[in-house]
Amino acid sequence: LIMMLCGGLSPVLIAFRQKDLSARINCSSLHMHSKNTQIGLGCITYSLGIWLLFAITSVILYKPAQVFSQNGLLCLLNSLVFTLISTALTLLVSSFPLNGNTINMVSNVIGLGMSFLCGIFVPQQFLGSGVISFSRFLPAYWYIRITNMLAGFSDEALSMNTYRMCIGIQVLFFAAIFAVYLAVNRQQEKNSLA
């Protein structure tokens, strides 16, 4: 999700920040708030479209009864929250003036780095205690922890308290990343007006 959203959204968002296009939009009758709202709604639509594509694919690959079971719906909610985190990371990456190759490099480092450190490629039970301690500071750890509990891949039994805690931590990651994006965006707008 991180690599797909970064690769698809970042070039468009960076194009809106180019000096000529930005000046052209700013001199129009479109208010800054309206412009930002439209760009934000476009990002949400794109991200939810990608998430919906994955959800529909899971319904096709697995039986609908399995996808719409309690565990299936909990997995869908988990993936939706992680999609929000991926969108916030994409917005943050696109806040900086990067070219296409740099965007790919950054999205690969973030996506693959979290995959290795958080237990996507190597199961969490095989990771060292130091790696696990570090990966708790990454949102993908909490996403994978829920996935492992729901699929029965971990020694930890599924409990709704643990599920809510992991979802809550992911929501906090989303809020923190989005707040950093807003701060960077506001600072760049101040610098462009000065």
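In this predicted model, Ser107 is in contact with Ile2, Met3, Cys6 and Leu112, once its neighbours within four places in sequence are left aside. Ser107 itself belongs to helix α6. Is Ser107 buried or exposed? Its relative accessible area is 3%, and buried means under 20%, so Ser107 counts as buried.

Helix α6 also takes part in the second largest pocket, as one of the elements that give two or more residues to its lining. Rolling a probe the size of a water molecule over the atoms shows where empty space is left.

The second largest pocket holds about 950 Å³ of space. Its lining is made up of 32 residues, and those closest to the pocket centre are Ser58, Cys75, Ser79, Tyr143 and Thr147. Besides α6, the elements that supply two or more lining residues are α1 (2-16), α3 (32-61), α4 (64-67), α5 (70-93) and α8 (139-151). By class, 21 of the lining residues are nonpolar and eleven are polar, while no charged residues are found in the lining.

Which element gives the largest share of this lining? That is α5, with seven residues. Helix α5 is 24 residues in length and spans 35 Å from its first C-alpha to its last, close to the 34 Å expected at 1.5 Å a residue. Of those 24 residues, 17 are buried, so α5 is largely enclosed by the rest of the structure.

Note on methods. Residues numbered from 1 in each chain as written. Predicted model: local features only at pLDDT ≥ 70, side-chain atom pairs only at ≥ 80, totals over all residues. Heavy atoms only, no water. 1 Å grid on protein atoms, 1.4 Å probe; cavity = no way out; pocket = protein on both sides within 12 Å on 5 of 7 lines; lining within 4 Å. Points joined across faces, edges and corners; volume = space filled by probe spheres on them. Helix = DSSP H or I, 4+ residues; strand = E, 2+ residues; numbered from the N terminus. Nonpolar A, V, L, I, M, F, W, Y, C, P; charged D, E, K, R; others polar. Expected span 1.5 Å × (residues − 1). Buried < 20%, exposed > 50% of the residue type's maximum accessible area, 1.4 Å probe, protein only. Contact = heavy atoms within 4.5 Å.
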